[in-house]
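Subject: Structure for you to look at

Hello,

Here is the structure I said I would pass on. Please open it first, then read the notes below it.

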Amino acid sequence: MTSLNFKPAIISAVVVVVLTALLMGVRLEQSGAGLTVTGAGEDVLWKIAAAAGFLFFFNLFRNQINALWCSIPSVPKTPPKLADLRDKPAVKRLFWCFLIAAAVVFPFMANRGGVDLATLVLIYIMLGLGLNIVVGLAGLLDLGYVGFYAVGAYTYALLAMYFGLGFWTGLFVAGAMAALFGFLLGFPVLRLRGDYLAIVTLGFGEIIRILLNNMTWLTNGPNGIGSIPKPTLFGLEFSRRASEGMQTFHGFFGFDYDSSHRVIFLYLLALILVLITLYVINRLLRMPIGRAWEALREDEIACRSLGINPTAIKLNAFTIGATFAGFAGCFFAARQGFISPESFTFIESAIILAIVVLGGMGSQVGVILAAIIMTILPELAREFNEYRMLLFGLMMVLMMIWRPQGLLPMKRPHMELRT
């Protein structure tokens, strides 16, 4: 019995009761000279008791659970011949070609809802890959990444509203504007690290959101901006009727109008943007700047001793990471057709950061897998809508306990010395 953790178990159960009661709407109200509990129905009390009981027994028998987990046989290692075959560049290229081909064919086989959800997944993949440069590769904790996302979205929306610019022009301008904001944010945080860096970047994201909310003369404030033009294919619109001076896609090719054409086009466009993002990041990783990001992440002092300028490396990481957020924001605005400051709250930054951490710091394949999980699971759990964030937090806690390195950690070629 000495191995049982009574004190941590009791503390965790009390904390869960207090926090869960507040989240479930249980309140203490003054009634005459005493206090009464409101909002505490039988179903609410049962849920609070169940949550507290689960955490109590989990922490009470945590040592035994860890021992049981460690006693589970590990997955057999890949045979050497298969491992050598898997590591060959030709096999890797074939694998990626198969995945890309499957992704291209997917919208023609799935229903409209599935294609819409897949497009949302691709947006989060692009955001996760961009933040992965800053957090996973350069080791700079950024809690305000959604600010660059908002800059890209509002840049295109404002250009379309005031100057009538199309999507393709707005895409490059949005990326450039987000890169400029990333460069400007890099200067105040050059001497910061850890918690202080996180606080400053968190403040940046909130400043952007508040400015968009209060600058009603420019951004229309909380009412948002609507009627944002959709992307076109070489001037061909995917609407039923073309605007003045334009032509429709179905009219040009002689098809009957089908609203799914636009959905498929948006999916394929998002897929192209993700592939471009992956290609650019992979090229950067093979260049000296990619090695410098990882050197900065591991030890800034050692990085300086090698003659690398940390100032330039941090600015590069913030600027390039923000550029991809600007592209994603522009595409998001064009896809939605309406944006408002409420689309760019802190919870978005938390979700994007969770994708990077869950997938594995610096791992591109891990980020893709985590983005799929983090986007699809909430959609499948819509019947538990009020508990989705609670389940999300529980999943992250369990990941940090049993697999802190992420689902698919980043791997680098290395050599082992055998004794």
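Among contacts between residues at least 6 apart in sequence, 73% join residues at least 24 apart. Keep in mind that this is a predicted model. The protein has 419 residues, and buried ones make up 40% of them. Its secondary structure comes to 18 helices and 4 strands.

Aromatic pairs

How many aromatic pairs does a search of the whole structure find? The search finds 13. One of them joins phenylalanine 106 and tyrosine 267: the ring centres are 5.9 Å apart and the planes lie at 50 degrees, so this pair is tilted. Planes under 30 degrees apart would count as stacked, and over 60 as edge-to-face. The pair links distant parts of the chain, since phenylalanine 106 sits in helix H5 (residues 89–109) and tyrosine 267 in helix H12 (residues 260–285), 161 residues apart. Phenylalanine 106 has a relative accessible area of 32%, so it is partly exposed. Tyrosine 267, at 5%, is buried.

A second tilted pair is formed by phenylalanine 148 and phenylalanine 204, with 5.0 Å from centre to centre and 40 degrees between the planes. Phenylalanine 148 belongs to helix H7 (residues 146–163) and phenylalanine 204 to helix H9 (residues 194–214), so the pair ties together parts that are 56 residues apart in sequence. Both of these phenylalanines are buried. Ring pairs also link Tyr149, Tyr154, Phe332 and Phe344 into a cluster.

Helix H7

Helix H7 has 18 residues. From its first C-alpha to its last it reaches 25 Å, close to the 26 Å expected at 1.5 Å a residue. Is H7 largely enclosed by the rest of the structure, or largely exposed, and what is the count of buried residues behind that? Of its 18 residues, 15 are buried, so H7 is largely enclosed by the rest of the structure. After H7 comes glycine 164, which has a positive phi, near 70 degrees.

The nonpolar core

In soluble globular proteins, nonpolar side chains tend to be buried together. Here the largest nonpolar core has 89 residues. Which residues have the most contacts inside it? They are Leu127, Trp293, Ile339 and Phe344. Helix H6 (residues 112–137) gives the largest share of this core, 15 residues. Leaving aside neighbours within four places in sequence, tryptophan 293 is in contact with Ile133, Leu137, Ala138, Leu284, Ile313, Asn316, Ala317 and Ile320.

Helices H8 and H15

Helix H8 (residues 167–186) packs against helix H15 (residues 310–336) at an angle of about 145 degrees, and their axes are 7 Å apart. The crossing of H8 and H15 is right-handed. On the H8 side, residues making the contact include Gly170, Ala174, Ala178, Gly182 and Gly186. On the H15 side, they include Ala322, Gly326, Cys330 and Ala334.

Threonine 319 has a relative accessible area of 18%. Buried means under 20%, so threonine 319 counts as buried.

Regards

Definitions and conventions:
Residues numbered from 1 in each chain as written. Predicted model: local features only at pLDDT ≥ 70, side-chain atom pairs only at ≥ 80, totals over all residues. Heavy atoms only, no water. Phe/Tyr/Trp six-rings, centres within 6.5 Å; stacked < 30°, edge-to-face > 60°. Helix = DSSP H or I, 4+ residues; strand = E, 2+ residues; numbered from the N terminus. Buried < 20%, exposed > 50% of the residue type's maximum accessible area, 1.4 Å probe, protein only. Expected span 1.5 Å × (residues − 1). Core = buried A, V, L, I, M, F, W, Y, C linked by side-chain atoms within 4.5 Å. Contact = heavy atoms within 4.5 Å. Axes fitted to C-alpha atoms, helices over the stretch in contact; angles between N-to-C directions. Left-handed = near helix turned anticlockwise from the far one by under 90°.
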